[in-house]
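Morning, everyone. Please have the structure open and follow along as I go through it.

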Amino acid sequence: LGSLSILLFYISISKFLKTNFDKNIIILFILLPSYNFWSSGISKDVITLFSLSLLLYSFIRNNFKILIISIITLFSVRVHLGLIIILSLIITISLGFFYALFFKKKLYFFKRELKKKLLLTIFMTSVILSLTVIKTYFFKNVMNIKHTISHFQNMYPGENFIESNFFLFRFFEYLFRPYLWEDTNIIIKILSLENVLILVLLSLLIVSFFFHKFKKKNFQHLDIKVFILLSFILIAIFQVLLTSNTGIAMRQKWTFLPGLLFVLIYLKSNFFFKKFN
C-alpha cells in the first residue's frame, strides 16, 4: 500500500512537471527515507496516506468513482480527516456559486456541468453528512473549539513539545523538528538532516516562483473538484494546530506534505510560465 501510495502520488504530479528542475525535486522527495518508512507496514497512517494519494489520483484522472473510494477508505480510519474533505467541498461549492453568479461562469464537477438542482443536492448532502459526523463523533469538541485547541496544544509537555503559538512558527517547528542542534541520538540526527533536505526542497520550489511571471488565465468555467487541493491545505492547518509533540508530527506530516507539494507544482504549472521561454 505504501509503495502504491508513492507511485500514485508521482503519477498524479508528473503531469504538471514542466521542467527538469521540478522533476528532480519531486524525485528526491519520493526517495526520502521517512516518506518510505512511514508509508510502510499496515497501520492507520499507511491507509490514510493511501487514501489521500487516491484523492490526488482522482483529481488528475477526473474520476468520481476513485474519489468516492478514497473518501470511504479515509472515513474508515480517520473520520476527522474525512470530515475535513467534506467541509472543503462545502466551502468550494459556496465560493464557486458566488463566482459563477458574479462572473457568469459555468460550474462543473468532474466534467459534469452543475445545474442548480444538482448543485443544491451535492451541497445539502455534504452539509447533512458533515453535521451527522460532527454530531456523532465531535459535538463536544466543536462546541468548545477554543478549549479543544488549547487542550491538544498543551498535551505531551516535555522535551519534544511544540512550543510556538504563532501559526507560521508552529508550522515550521511541526515540519522541521528535530533540529540539528538538539541533543538527541544518532537516528534522530539522521532525521534532522532529512528535515534540512525537506526544507531545501520546499525552499527551492517556492523560490522558483520568483523566476516566473504570472500568466493570465481566462477561465470559461470552474470545476469545483479543486476542493481536493483545498483539502490538503485544511488538513495541514488542522494537524499543525492540534499536534503538540514532534514525535507525532514526524509521521503525521506525511499525510499532507505530498498534497502540499502537489498544490505548489499545480499552481506553478497552470499560472506561471518561464521568463525566457
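S192 sits in helix α10. This is a predicted model, by the way. Is S192 buried or exposed? Its relative accessibility is 1%, so S192 counts as buried. And what does S192 touch? Leave out the neighbours within four places in sequence, and the contacts of S192 are P178, Y179 and L180.

Stay with P178. That residue lies in the loop between α9, residues 167–176, and α10, residues 186–207.

Now go to M250. You will find M250 in helix α12. M250 is in contact with both R177 and P178. The relative accessibility of M250 is 16%. Buried means under 20%, so M250 counts as buried. One more point here. M250 and L175 are 75 residues apart along the chain. Their C-alpha atoms are separated by 7.4 Å.

Next, a helix pair. Helix α12 runs over residues 246–271, and helix α4 over residues 44–61. The two pack with their axes 8 Å apart. The angle is about 15 degrees. How do α4 and α12 lie to each other? Angles under 35 degrees count as roughly parallel, so α4 and α12 are roughly parallel to each other. The crossing of α4 past α12 is right-handed.

Who meets whom? From α4 come D45, T48, L49, L52, L56, F59 and I60. From α12 come R251, W254, T255, P258, G259, F262 and Y266. By class, this contact of α4 with α12 has 9 nonpolar residues, 3 polar ones and 2 charged ones.

Three of those residues come back now. Where is S12? S12 belongs to helix α1, residues 2–14. At 0% relative accessibility, S12 counts as buried. Its side chain reaches the backbone oxygen of L8 at 2.7 Å. For a sense of distance, take S12 and N36. They are 24 residues apart in sequence. In space, C-alpha to C-alpha, they are 17 Å apart.

Here is another serine. S126 is placed in helix α7, which covers residues 116–143. Its relative accessible area is 6%, so S126 is buried. A polar atom of the S126 side chain lies 2.8 Å from the backbone oxygen of I122. Beyond four places in sequence, S126 touches I86, L89 and I90.

α2 passes α10 in a left-handed crossing. On the α2 side, the contact is made by F21, D22, I25, L28 and F29. On the α10 side, the residues are L201, L204 and L205. By class, the contact of α2 with α10 has 7 nonpolar residues, no polar ones and 1 charged one.

Last, two backbone details. Which value does phi take at N62? Phi of N62 is near 55 degrees, a positive value in a residue other than glycine. N62 is placed in the loop between α4 and α5, residues 64–77. With 22% relative accessibility, N62 counts as partly exposed.

The other detail is at K111. Phi of K111 is near 70 degrees, and here too the value is positive in a residue other than glycine. K111 is found in the loop between β1, residues 106–109, and β2, residues 112–113. Is K111 buried or exposed? At 65% relative accessibility, K111 counts as exposed.

Note on methods. Residues numbered from 1 in each chain as written. Predicted model: local features only at pLDDT ≥ 70, side-chain atom pairs only at ≥ 80, totals over all residues. Heavy atoms only, no water. Helix = DSSP H or I, 4+ residues; strand = E, 2+ residues; numbered from the N terminus. Buried < 20%, exposed > 50% of the residue type's maximum accessible area, 1.4 Å probe, protein only. Polar contact = N/O pair within 3.5 Å; in protein donor to acceptor, adjacent residues only side chain to side chain. Contact = heavy atoms within 4.5 Å. Axes fitted to C-alpha atoms, helices over the stretch in contact; angles between N-to-C directions. Parallel < 35°, antiparallel > 145°, perpendicular 65-115°, else oblique. Left-handed = near helix turned anticlockwise from the far one by under 90°. Nonpolar A, V, L, I, M, F, W, Y, C, P; charged D, E, K, R; others polar.
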